[in-house]
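Please take a look at the model below and turn it around a few times. Then read on for a short tour.

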Amino acid sequence: MNKDVSLHTIVPISILGGDVDAHFFGFNGFARDQEHFAVGIGRDQCDVPLVRVHSECITGDVFGSQRCDCGPQLQEALRTLKEVGGYLIYLRQEGRGIGLYSKFEAYLLQDSGLDTYEANLRLNHLADSRSFDPAVQILRALGVDQCRLLTNNPEKVAQLRAGGIDVIEQVPTGVFLTNHNRNYLQAKAVKSAHSIKL
Ligand SMILES: [Zn+2]
């Protein structure tokens with residue numbers, strides 16, 4: 001059972017070069033004082049908000065890394081939210097929860113032929129160490145008990161539902177294939193049952 005978190009701050013921030021007016025929500029009470037946050041966009045447009053749960057990827061989100069599809073997925077989510085209204089929940093669990101330096105090590109192992117999940121296992125981590133419990137805590141603190149979820153990942157839907165959130169629809173995300181991330185996306189499709197058509 002997750003303990004409740006409470007709202008700490010709500011800050012208006014205009015993002016994407018001024019294209020999107022957002023509110024950033026901070027919270028008190030996460031385990032290990034983690035600083036997960038939510039971004040609310042166009043919330044007055046919708047009865048049932050669209051929600052995107054995004055896990056931190058500094059290389060993809062900030063630097064546009066071609067090793068994964070995190071950057072384009074984040075941009076797509078923010079622009080979709082501008083159209084329909086809802087929340088992006090940004091979870092600070094870099095590298096599928098193993099941290100940035102371990103992700104760097106995993107990339108080196110991938111360059112020697114392992115896929116993204118095998119590399120994590122070789123480093124004595126779980127294939128995927130992420131938890132989406134903080135997303136449930138955030139939605140509760142925001143008073144959201146029903147949502148549409150923007151994702152190709154069935155595990156996210158399952159974890160939110162297990163946490164008591166009524167996910168009434170799974171809305172698929174785009175596929176952002178490049179020459180560099182083909183193996184990564186294939187591994188996600190095959191090993192995590194992500195609904196990705198390559
Ligand atoms: Zn990434």
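This briefing covers spaces, rings, cysteines and a few backbone details.

This is a predicted model, in which local features need pLDDT of at least 70 and side-chain atom pairs count only at pLDDT 80 or more, while totals for chains, interfaces and linings use all residues. Residues are numbered from 1 along each chain as its sequence is written, and side-chain values use heavy atoms, with hydrogens and water left out.

**Empty spaces**

- Rolling a probe the size of a water molecule over the atoms shows where empty space is left.
- On a 1 Å grid over the protein atoms alone, a cavity is a set of points where a 1.4 Å probe fits but cannot get out, whereas a pocket is an open set with protein on both sides within 12 Å along at least five of seven lines; a lining residue has an atom within 4 Å of a point.
- Points are joined across faces, edges and corners, and the volume is the space filled by probe spheres set on them.
- Helices (H or I, at least four residues) and strands (E, at least two) are DSSP runs, numbered from the N terminus.
- For the linings, Ala, Val, Leu, Ile, Met, Phe, Trp, Tyr, Cys and Pro count as nonpolar, Asp, Glu, Lys and Arg as charged, and the others, Gly among them, as polar.

**The largest pocket**

- The largest pocket holds about 340 Å³ of space.
- Its lining has 20 residues, and Arg32, Gln34, His36, Gln93 and Pro134 lie nearest the centre.
- By class, the lining of this pocket has four nonpolar, ten polar and six charged residues.
- Helix H3 (94–97) and helix H6 (133–141) each give at least two residues to this lining, and H6 has the largest share, with three residues.

**The largest cavity**

- The whole structure has one cavity of 30 Å³ or more, and the volume of the largest cavity is about 410 Å³.
- Its lining has 30 residues, with Cys70, Arg96, Arg130, Tyr184 and Lys188 nearest the centre.
- Elements that each supply at least two residues of this lining include strand S4 (50–55), helix H2 (70–84) and helix H8 (182–191).
- The cavity lining divides into eight nonpolar, twelve polar and ten charged residues.

**Aromatic rings**

- A pair of aromatic rings is described by the distance of the centres and the angle of the planes.
- Rings of Phe, Tyr and Trp (its six-membered ring) pair if their centres lie within 6.5 Å; planes under 30 degrees apart count as stacked, over 60 as edge-to-face and the rest as tilted.
- The whole structure has five aromatic pairs.
- One of them is the stacked pair of Phe37 and Tyr90, at 5.0 Å centre to centre and 15° between the planes.
- Phe37 is in strand S3 (residues 37–41) and Tyr90 in strand S5 (residues 86–91), so this pair ties together parts 53 residues apart in sequence.
- Tyr90 is buried at 11% relative accessibility (buried means under 20% relative accessible area, exposed over 50%, partly exposed in between, with a 1.4 Å probe and protein chains only).
- The pair of Tyr101 and Phe104 is stacked too, because the ring centres are 6.3 Å apart and the planes are at 25°.
- Both Tyr101 and Phe104 lie in helix H4 (residues 100–111), three residues apart, or about one turn of the helix.
- Tyr101 is exposed at 67%, while Phe104 is partly exposed at 38%.
- Phe24, Phe37 and Tyr90 are linked into a cluster by ring pairs.
- The charged end of Arg67 sits over the ring of Tyr107, 4.6 Å from its centre (the rule asks for NZ of Lys or CZ of Arg within 6 Å of the ring centre and within 35 degrees of the ring normal).

**Cysteines**

- How many disulfides does the whole structure have? The search finds zero, a disulfide being a pair of cysteine sulfur atoms within 2.5 Å.
- Cys70 is buried at 14% relative accessibility, and Cys147 is buried at 0%.

**Backbone details**

- Most residues other than glycine have a negative phi.
- Leu16, in the loop between strand S1 (6–15) and strand S2 (20–28), has a positive phi near 55° and is partly exposed at 21%.
- Arg32, in the loop between S2 and S3, has a positive phi of about 55° and is exposed at 71%.
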